[in-house]
Amino acid sequence: MVKLRLKRCGRKQRAVYRIVAIDVRSRREGKDLQKVGFYDPIKNQTYLNVPAILYFLEKGAQPTETVQDILKNAEVFKELRPNQSKFN
């Protein structure tokens with residue numbers, strides 16, 4: 001199973017996160033399938049590769065709670081097909 005989750009980057013006390021599609025059994029810093037976004041909680045900036053995110057969601061990837069909140073704020077779920085809108 002694939003999840004969309006955060007992968008920690010940056011230095012000590014200045015964490016930034018990559019949003020990645022990764023296998024459930026991998027650890028947080030493990031090998032990811034694809035990088036699909038970027039999140040900086042300090043500057044409150046996000047960059048999302050929306051087509052890649054929609055591709056993984058349509059294939060059954062489950063976002064974590066934090067990633068789901070980021071995607072809701074960016075209104076990514078509105079772009080899903082109506083039968084795929086289980087995250088609203």
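The exercises below concern this predicted model, and each is followed by a worked solution.

**Exercise 1. Determine the order of the strands in the sheet and identify the edge strands.**

Solution. Begin with the order: 5 strands form an open sheet, arranged as 4-3-2-1-5, and their pairing is mixed. Next, look for strands that pair on one side only; these are strand 4 and strand 5, the edge strands.

**Exercise 2. Describe how strand 3 pairs with strand 2 and with strand 4.**

Solution. Take strand 2 and strand 3 to start with: they run antiparallel and are joined by 5 bridges. Within this pairing, Arg 18 has Phe 38 in strand 3 as its bridge partner. Then turn to strand 3 and strand 4, which also pair in the antiparallel sense, over 4 bridges. Here Asp 40 has Gln 45 in strand 4 as its bridge partner. Finally, examine the hairpin of strand 3 and strand 4: there are 4 residues between the strands, and Asn 44 adopts a positive phi near 55 degrees.

**Exercise 3. Explain why the buried residues of helix 2 lie on the same side of the helix.**

Solution. First, list the buried residues of helix 2, which spans residues 65–73: they are Val 67, Gln 68, Ile 70 and Leu 71. These residues cover an arc of only 160 degrees around the axis, and therefore they lie on the same side of helix 2. Recall the general principle: an α-helix has 3.6 residues a turn, so residues three or four places apart point the same way. Then consider the face turned away from the buried side of helix 2, where the exposed residues Glu 65 and Asn 73 are found.

**Exercise 4. State what covers the buried residues of helix 2, and how the helices are placed against the strands.**

Solution. The cover of the buried residues of helix 2 includes strands 1, 2, 3, 4 and 5, together with helix 1 (50–58). Helix 2 lies across strand 1, strand 2, strand 3, strand 4 and strand 5, and runs at about 90 degrees to strand 1. Helix 1 likewise lies across strands 1, 2, 3, 4 and 5, running at about 120 degrees to strand 3.

Conventions: Residues are numbered from 1 along each chain as its sequence is written. This is a predicted model: local features need pLDDT of at least 70, side-chain atom pairs count only at pLDDT 80 or more; totals for chains, interfaces and linings use all residues. Side-chain values use heavy atoms; hydrogens and water are left out. Buried means under 20% relative accessible area, exposed over 50%, partly exposed in between (1.4 Å probe, protein chains only). Helices (H or I, at least four residues) and strands (E, at least two) are DSSP runs, numbered from the N terminus. The arc is that of the directions from the helix axis to the C-beta atoms. Contact means heavy atoms within 4.5 Å. Two strands pair if DSSP finds at least two bridges between them. Axes are lines fitted to C-alpha atoms, for helices over the stretch in contact, and angles run from 0 to 180 degrees between N-to-C directions.
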